[in-house]
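Here are some friendly notes to read alongside the model. Please keep the viewer open and look up each residue as you go.

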Amino acid sequence: FANLYFMQTPFHNVAVDFLTAYVHVPAFQSWIFWRRLEGSAHARDMIGSLQSITLERAGQFNMIVRIVGWLVLVTMIVMSGIVLCGYSLPTQLEAEKSMNMTSHFMFWHGAIMWPVIPPVISSIFASYSMIWFFCCLHLLEIETCIVNVTTCVDVAQKENPEVLTLASEHSLSEFRLHRAQFEFFLSKLQNNIARSQRRLNHSCNLWSFVAFHLLIFSWIQILVVTRNLRRLGTTDHSYGFHWVFQDVFHLGGGATLVTIMLSMGTGVTMVGQRIKTEGKALMCKCGASKEKLSVVLSILSSHTPQFQFFGEPVNVGKCAPFVFATAILLFDAVTDILQYQITPTD
């Protein structure tokens, strides 16, 4: 934050340098949050849920985690190098050339950034990875829930087909005979779905603030870099090599988190909706009566797991306006740059 006052190398502009200073806040917040969560009962409960998936699915998940882990490690090292080239390196080079009083500030500023930047980048990438990992755990649990719903319907159908097909036009005595079995079926169905919903809600409640903080910060990164690109493409303003690295860092980090949060949040909600659609299809296949189908659909609809921010579900309808607004912003910036480049100058 001190460089916002001195405005020495690697100073870019107020917006970029404020984001550069502020990035330490969500990085430190993320480090504290995930350190606390990794040893919590909820984290152990989520890891324990992997025991319910099939061996084949567990093998696939293990392979995906390994591949993503190596990609994250390589990307994190590359991004650390980019940030060091954008901040520490130019600061040290400029401090050696300068003989004024601020050169001492630049020297020590650059020296401090060498050991500080890698842990900050690691903390940000770790937060992205943990959000992705927990979303994957919830996806696997929802898949298991779908299998359990299918099993509940199959068992009820095999034990007594009329448990699902008995309609109101049957006699009252027949309805009472099967009511206890139907209520037991509903209880099993609700317990299976509610367990997945309860765990997902707990996860979302825990990380809503840190995820929302990172999301807002990342979106501002995209907006600021878009403005810089517009300025670069529509003026004759000189652009230092370290400013390019700074923009790559902010644009890459912002776009990565926004993509993870929107895609994973929407993906978890969409997979959760499969519980309702597949449950309905299975009930219709079994010839369930309209009355009992309505009761089952009511339970499936009210307990469908959904990714949430502060209690609000994240779905395509909620994410589309943000994606649309960003697309319009980028389109406007690109067309403005192209217009400037192709317009003949006197």
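1. Helix 7 (102-159), helix 9 and helix 10 (241-285) each supply at least two residues to the lining of the largest cavity. Helices here are DSSP runs of H or I with at least four residues, strands are runs of E with at least two, and both are numbered from the N terminus. Helix 7 gives the largest share of that lining, four residues. This is a predicted model, in which local features need pLDDT of at least 70 and side-chain atom pairs count only at pLDDT 80 or more, while totals for chains, interfaces and linings use all residues. Residues are numbered from 1 along each chain as its sequence is written, and side-chain values use heavy atoms, with hydrogens and water left out.

2. How many cavities of 30 Å³ or more does the structure hold? There is one, and the largest cavity has about 70 Å³ of space. A cavity is a set of points, on a 1 Å grid over the protein atoms alone, where a 1.4 Å probe fits but cannot get out; lining residues have an atom within 4 Å of a point. Grid points are joined across faces, edges and corners, and the volume is the space filled by probe spheres set on the points. Among the lining residues are Val23, Met79, Tyr128, Phe217, Gln221 and Gly253.

3. Next, find Ser203 in helix 9 (residues 172-234). Is Ser203 buried or exposed? Ser203 is buried, because its relative accessible area is 1% (buried means under 20%, exposed over 50%, partly exposed in between, with a 1.4 Å probe and protein chains only). Its side chain makes a polar contact with the side chain of His138 at 2.8 Å. Such a contact is a pair of N or O atoms within 3.5 Å; within protein, one must be able to donate a hydrogen and the other to accept it, and residues adjacent in sequence count only if both atoms are side-chain atoms.

4. Phe307 sits in the loop between helix 11 and strand 1 (308-309). Phe307 is also buried, with a relative accessible area of 1%. Leaving aside neighbours within four places in sequence, Phe307 is in contact (heavy atoms within 4.5 Å) with residues including Cys135, Leu200, Trp207, Met261 and Pro313. The C-alpha atoms of Phe307 and Gln197 are separated by 9.3 Å, although these residues are 110 residues apart along the chain.

5. Finally, look at helix 11, where Lys292, Leu293, Val296, Leu297, Ile299 and Leu300 are buried. Seen down the axis of helix 11, its buried residues fall within an arc of 160° (taken from the directions from the helix axis to the C-beta atoms), so they line one face of the helix.

Note on methods:
1 Å grid on protein atoms, 1.4 Å probe; cavity = no way out; pocket = protein on both sides within 12 Å on 5 of 7 lines; lining within 4 Å.
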